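This report concerns charged side-chain pairs and strand pairing. Please consult the sequence and the structure shown below while reading.

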Amino acid sequence: MKPKFKPKLRPKKIAHAPRRTATTPSASAALPIVGIGTSAGGLEALEHFLSHVPKNSGLAFVIVQHLDPTRKGIMPELLQRNTGMRVIQVKDRTFVQRNCVYVIPPNKDMSILHGVLHLLEPASPRGLRLPIDFFLRSLAQDRQEHSIGVILSGMGSDGTLGLRAIKEKGGVVLVQDPATAKFDGMPRSAIDSGLADIVAPVDDLPGRIIAFLQRTPLRHPPEPALEAKTQSALDKATILLRTHTGHDFSLYKKNTFYRRIERRMGIHQITKIADYVRYLQENSQELDLLFKELLIGVTSFFRDPACWEALRKKILPALIASRPDGHVLRAWVPSCSTGEEAYSLAMVFKEVMAKLKSRKGITLQIFATDLDKDAIDKARQGVYPKNISADMSPHQMSRFFIKDEHGCRVTGEIRKLVTFATQSLILDPPFTKLDFLSCRNLLIYLAPEMQKKLMPLFHYSLTPGGVLFLGSAETVGTFTDLFTPLKNELRIFQRTPSALRPEPIDFPSAFAPPLPNGTELQPAPKSNLSLQALADQLVLDNYAAPAVVVNDKGNILYVSGHTGKYLEPAAGKANWNIFAMAREGLRYELGNAFYKALDQQIPVVVRGLKVGTDGGKQHVDITIQRLEHPEPLRGLVMIVFTDVAAPLETTVASSSAKTGKNPARHLRQQELERKLQQARLAAQAIREEMQTSQEELRSTNEEQQSTNEELQSTNEELTTSKEEMQSLNEELQTVNAELQSKVDELSRANNDMKNLLNSTDIATLFLDKNLNVRRFTTQATKIIKLIPGDIGRPITDLASDLLYPELTADANEVLRKLGFAEKPVNARDGRWFTVRIMPYRTLDDRIDGVVITFADITVAKTLEVKLRSQHAVLEKHGAKNSVAHTKVSNQKARRSRKL
C-alpha cells in the first residue's frame with residue numbers, strides 16, 4: 001500500500017566550501033568522494049554510471065575494480081569516452097580533486113588519507129584479494145559520515161566489509177539493482193547483509209547521490225541544543241517507534257538520534273522533520289528501516305586487533321588461572337549484532353585453552369544478545385562471506401570455519417559455545433554470575449543517564465575478578481571504584497570487590513536475583529486465579545510425584561512438590577547441589593543413575609531404594625531423565641521421586657527380627673542382602689569395563705576426527721584453488737570486456753581509415769618488411785591486379801600496368817636508408833602516376849614495412865606534353881624572327897658605314 005503523503009522535493013545546488021591548500025587535511029573536508037567497487041561486468045556498468053554524472057557535479061569518483069595484475073590497464077581511456085570529467089589512473093600520492101574520476105592501476109591496493117590516494121603492493125597477486133574492502137574501509141576512516149560507497153556488477157562478496165565500515169561511520173551505501181547487473185554476486189551480498197540504503201538501476205544511482213548531498217550538509221556545525229520544534233518531532237518519532245517495535249529510544253543520544261533521522265530524510269528528499277514524522281505515520285516500512293538504522297548493527301571479527309591480542313596473551317589466561325578446575329566461564333555479549341564478536345571470543349578462548357593444557361575441565365558458555373531479531377537469526381546460522389579472511393589469520397580460518405557454497409560457516413565446536421537470544425539491555429533482566437562481559441560500542445549511543453544506570457548493573461552481573469570489555473571510545477566514567485583498569489588504553493577493566501555506594505542499583509523489569517552459590521532459579525510464573533489454574537496447582541501439590549530439575553552438575557534449578565522426605569539441606573554453607581542434599585540411602589544409587597542418564601540420554605529408573613527419614617525407612621523409586629524438549633530446558637535433568645510400598649518379605653523379616661521369631665527367614669534376608677552387595681560390585685565392574693570401552697571409542701573417534709581434518713584440509717586446498725580460479729575468471733572477464741571495447745574501437749577506426757583512404761582517390765599499397773602485401777585501397781586494384789586473396793603475397797608475384805621494374809629495388813632502398821623515394825612512372829595504357837615510397841612507422845617508432853602511394857598525374861602529363869609542343873613551336877618561330885632581325889640589323893649597319 002502506497003503512503004498517502006508524498007514529500008515535496010526541493011532541488012537546489014550543492015554548496016561547495018571555498019578551496020584551500022591541498023596539503024591541509026581540512027582542504028578536502030567538504031569534497032564528497034564516492035568509492036565505487038566493481039568486478040566482472042563492471043565496465044558496462046561504469047560506462048552507464050559515468051554517462052549520467054554531470055560534468056560539473058562537484059564530486060570525485062574513485063573506482064576500484066578487479067584487474068589482471070599482469071596486464072597494462074586501459075580502463076581510463078575506455079571510460080573517458082563516456083564522461084566529460086577527467087579520468088585518471090592513480091599514481092602514488094595522488095590528490096583527489098573535484099569533477100575527476102580516479103581508477104586503480106593493476107596489481108595495486110589503494111588507500112586514502114586526508115584526501116590523498118596512496119598505492120600499496122598487494123600481499124599476493126592472485127587468489128582471494130579484497131581491494132574493494134581495503135579501499136572502502138580506508139574511505140570510511142578518512143571521510144567519516146561523509147563517506148559514500150557504491151557497489152556495481154561483480155562476482156563474489158568483495159566490498160561488503162567495506163560497506164559495513166561506511167555504515168558504522170554514518171555514511172551512505174548505494175547498490176546496483178541485481179536485476180540490472182551482469183553479475184549479481186557483489187550487489188546481492190551487500191543487500192543480503194542489510195547494508196544498502198539505496199538499491200536502484202545503475203543509471204539512477206548518480207542522481208540519487210546528488211539528491212542525497214543536496215539535502216545532507218557536508219559539514220556539521222557544533223551540536224547545539226535542539227530547537228523546541230525539532231525536539232517535539234523527535235519525541236513523536238520515538239513514540240511511533242515504541243508503538244511499532246515495542247522498544248523505547250528515549251534514552252538514545254538526542255543529537256545522534258537526530259542525525260540518523262536527518263540521514264533518512266536525505267535519502268527520501270524530505271526537507272522538514274515534521275514532514276518526515278508524517279511520513280513515518282503513513283509508512284510502517286520506513287519505521288522498520290529507521291529502527292534498523294538506529295541499531296547500527298555493524299561489527300566484524302576481531303575488531304580492534306590489539307585488544308584481542310591482549311585478551312589472548314594476558315587477560316584470558318589470568319582469568320582462567322583464577323578459576324578452579326571444572327569451572328564454567330560465563331560470558332555475556334550484549335548488542336552482539338550478527339555474532340562476529342561472540343564467535344571471536346569463543347575462538348580466542350579455544351586458542352588460550354590449547355596453550356593451557358594443565359587446566360582441566362574449564363569450559364565456556366557465551367550468552368550473546370541483541371535487540372535485532374534478524375541479526376540474531378543470522379548469528380545463529382553462523383554463515384559469513386568469504387572475505388572475512390581479511391580479519392583473521394589463515395590458521396584461524398582453517399580451524400574455526402568450514403567453507404561451503406554459501407560462504408564460511410563456523411565449526412560445531414565454536415557454535416556450541418554460544419547461545420543467542422533476543423534481549424533489550426534496558427528492559428530485560430541481565431545475565432548474572434558472569435566471568436566476562438563484552439559491551440563494545442553500545443554505550444556511545446546511549447544518553448549519559450542511561451550509562452550511569454548500566455555501570456552498576458554490569459558490576460552486579462560480574463563475579464569478583466570478572467572482566468569488563470568496552471569499546472575504544474567508551475569508559476567506566478565516574479565508576480572507578482567499581483572497576484579497575486587492566487589495560488586502560490584498550491578499555492579492559494576488572495570488577496573490584498563490592499563497594500559501598502549510596503545510590504541503589506536500578507534493575508530492569510522482570511529482573512530476579514540469583515540464589516546463593518551461583519544457582520539461578522527460573523522466574524516464577526505469573527499468578528492466575530482462574531479455576532483451571534487453581535485446580536492444576538492443587539493436583540501438583542497433593543497428587544503429583546515430587547520432582548526436581550537440575551543442571552548437568554546436579555545444581556537444583558526448580559523444585560516441584562514436597563521433596564523433604566528425600567532431600568534435606570546439608571550442614572554448613574548453603575548448598576543447592578542434589579548430591580549434597582540427598583538423604584541416606586539415595587546418594588550412591590542416585591549418583592550412578594544420574595551420570596548414566598547423562599551419558600546414555602535415556603530415562604533411568606532405580607526401584608526399591610530405602611531412604612532414611614525422620615520416621616524410619618521409606619521405599620522409593622527414582623526416575624532420572626535428561627530433557628531435550630522444550631528448547632529452554634534442553635540439557636537439564638529431571639529427577640522424579642515415587643513412593644512405593646515395602647516388599648512383603650522384607651516387612652515380615654523385619655517383624656520377625658523384632659520379635660525374635662523365625663530365624664530361618666532372618667538368615668534368608670541376610671543372604672539376599674549379601675547377594676545384593678555382590679550384584680552391586682559386579683555392576684561396578686561392568687561400569688568400569690564400560691568406561692574402558694568408552695575410552696576406546698573416544699580413541700577411535702579421535703582417529704576419525706584426524707582423518708576428517710585431513711579430508712577437510714584437502715577440501716580447503718580445493719576451495720582455495722576454486723577461489724583462485726574464480727579470481728582469475730573475474731580478471732579474465734574484465735580483460736575480455738576491455739578487449740571487446742578495444743576491438744569495437746579498432747573496428748570503428750578501421751572503417752574511418754578505409755573511408756578516408758577511399759575518399760582521397762589515391763591508390764595506396766601497404767607492404768611488410770618482406771614486401772608482402774598487407775593492405776591496399778580500391779584505387780590500387782586499377783593499377784596492380786589485386787584481389788582480397790592476395791594479402792600476404794609478394795609484390796613481385798603480382799601483375800601490374802606500370803612500366804616500373806625498379807619498384808622492388810626502390811622499396812628495399814627505402815627500408816635500408818629510412819628515407820623516401822618519389823618518381824613519375826607511366827603505365828602501359830598511357831596513364832602516368834607519381835609513385836611515392838615511404839617507410840611504415842608504428843606508434844612506438846618502429847619500421848614495419850613501406851607505404852606506396854600512386855597519384856594519377858595523367859592529366860598533368862598530357863598538359864605537360866601540350867605545353868612542351870607549344871613551347872617548341874614558339875621556339876621555332878622565335879628563331880626565324882631572330883634571323884630576320886639579324887639581317888635587317890646588318891643591312892642598317894652597312895648603310896650607316898657607307899654614309
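Predicted model: local features only at pLDDT ≥ 70, side-chain atom pairs only at ≥ 80, totals over all residues.

## Salt bridges in helix 11

Across the whole structure, a search finds 30 salt bridges. One of them joins K313 to E309, with the closest N and O atoms 3.4 Å apart. Both residues belong to helix 11, which spans residues 305-321. They are separated by four residues, or about one turn of the helix.

The two partners can also be described by their accessibility. K313 has a relative accessible area of 60% and is therefore classed as exposed, since the exposed class begins over 50%. E309, at 31% relative accessibility, counts as partly exposed.

## A salt bridge between distant parts of the chain

D848 and R774 form a salt bridge through their side chains, with an N to O distance of 3.1 Å. This pair links distant parts of the chain, as the two residues are 74 residues apart. D848 lies in strand 30 (residues 847-856), whereas R774 lies in strand 27 (residues 773-776). R774 counts as partly exposed, its relative accessibility being 30%.

## The R793 and D790 pair

A further salt bridge brings together the side chains of R793 and D790, at 2.9 Å from N to O.

Strands 27 and 30, which hold R774 and D848 respectively, both belong to an open sheet of five strands. The strand order is 27-26-30-29-28, and the pairing is antiparallel. Strand 27 and strand 28 (821-826) are the edge strands, each pairing on one side only. On average, neighbouring strands of this sheet are turned by 20° against each other, direction ignored.

Within the sheet, strand 26 (residues 763-767) pairs with strand 27 in the antiparallel sense, over three bridges. Which residue of strand 27 is the bridge partner of L765? That partner is F776.

Conventions:
Residues numbered from 1 in each chain as written. Heavy atoms only, no water. Salt bridge = Lys/Arg side-chain N within 4 Å of Asp/Glu carboxyl O. Buried < 20%, exposed > 50% of the residue type's maximum accessible area, 1.4 Å probe, protein only. Pairing = 2+ DSSP bridges. Axes fitted to C-alpha atoms, helices over the stretch in contact; angles between N-to-C directions.
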